[in-house]
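Have the viewer open while you read.

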Amino acid sequence: MTGPSSTAGACWFLVFPDTDAVAALAARARPCATREIAHPSGRPWLIGRWPDHALTSVACGPARLAVLGQHAVTEEEAEHAACAGSLEAADAYASRWAGSHHLIASLDGRTLVRGTVTGIRSVFAAQVPGTHGAHLVCDRADVLADVAGADLDEARLAVHLLSPGSCTR
């Protein structure tokens with residue numbers, strides 16, 4: 001079994017859009033999570049499992065910003081980025097922060113999730129059927145697949161195993 005049910009001690013996070021369309025998916029993730037942060041609406045924004053010291057999270061009006069991983073970002077620095085006025089401005093400000101971390105920001109129904117250029121902090125996304133086009137974003141492909149109810153694409157896996165650098169659609 002994959003996904004949250006098999007990650008009892010592992011760190012992971014899921015990012016949810018601010019819509020009721022993903023309520024069932026959030027409910028599916030909650031039993032294995034230890035943390036949850038809400039959108040201004042009260043709907044889930046981040047659900048997952050991470051140590052306290054790994055997260056700096058702030059709100060600035062309708063904006064939410066989280067830095068998750070190995071970093072020394074203070075709440076003051078994160079708040080400055082969150083109050084920058086747009087996701088692009090927040091990302092530009094946050095791009096100067098040292099460390100190995102994910103940047104997660106939400107503003108006016110839009111979401112930004114960024115890992116590292118090196119791929120150490122990967123990001124996976126899936127549009128989930130039955131959610132009116134909503135996307136989930138996660139730092140672990142197995143957790144995302146489990147929560148989204150995705151099946152294994154055997155043809156894609158076979159092509160990837162034959163040619164690991166290939167990109168198939």
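A residue counts as buried when its relative accessible area is under 20%, as exposed when that area is over 50%, and as partly exposed in between. Keep in mind that this is a predicted model. With that cut-off, C138 is buried, since its relative accessible area is 0%.

| Cysteine | Relative accessible area | Class |
|---|---|---|
| C32 | 18% | buried |
| C60 | 21% | partly exposed |
| C83 | 37% | partly exposed |
| C138 | 0% | buried |

Which cysteines form a disulfide? That would be C60 and C83, with their sulfur atoms 1.9 Å apart. The structure holds 1 disulfide, and the angle about its S-S bond is 115°, making the link right-handed. This pair ties together distant parts of the chain: C60 belongs to strand β4, while C83 lies in the loop between α2 and α3, 23 residues apart. C32, on the other hand, is in no disulfide, and the nearest cysteine sulfur, the one in C138, is 12 Å away. For C138, the closest cysteine sulfur is that of C11, and at 12 Å it is too far for a bond.

Now follow β4 into its sheet. This is an open sheet of 4 strands in the order β4-β5-β6-β7, with antiparallel pairing. Its edge strands are β4 (55–60) and β7 (110–114), each pairing on one side only. On average, neighbouring strands are turned by 10° against each other, direction ignored. Between β4 and β5 (residues 63–71), the antiparallel pairing covers 6 bridges, and T56 stands opposite V67 in β5.

Two helices go with this sheet. Helix α2 (residues 75–82) packs on it, touching β4 and β5, and its direction makes about 45° with that of β4. Helix α3 (residues 87–94) lies across β5, β6 (99–107) and β7, running at about 20° to β7.

Zooming out, the protein chain has 5 helices and 9 strands, in the order β-α-β-β-β-β-α-α-β-β-β-β-α-α from the N terminus on. Its radius of gyration is 16 Å, close to the 15 Å from the globule rule for 169 residues, so the chain is as compact as a globular protein of that length. The C-alpha atoms fill a box of roughly 45 × 35 × 30 Å along the principal axes. Of the 169 residues, 39% count as buried. The accessible surface comes to about 9,100 Å², and carbon and sulfur atoms contribute 54% of that.

Note on methods
Residues are numbered from 1 along each chain as its sequence is written. This is a predicted model: local features need pLDDT of at least 70, side-chain atom pairs count only at pLDDT 80 or more; totals for chains, interfaces and linings use all residues. Side-chain values use heavy atoms; hydrogens and water are left out. Two strands pair if DSSP finds at least two bridges between them. Axes are lines fitted to C-alpha atoms, for helices over the stretch in contact, and angles run from 0 to 180 degrees between N-to-C directions. Contact means heavy atoms within 4.5 Å. The radius of gyration is taken over C-alpha atoms; the globule rule is 2.2 Å times the number of residues to the power 0.38. Buried means under 20% relative accessible area, exposed over 50%, partly exposed in between (1.4 Å probe, protein chains only). Accessible areas come from the Shrake-Rupley method with a 1.4 Å probe; for residues, only the protein chains shown count as cover. A disulfide is a pair of cysteine sulfur atoms within 2.5 Å.
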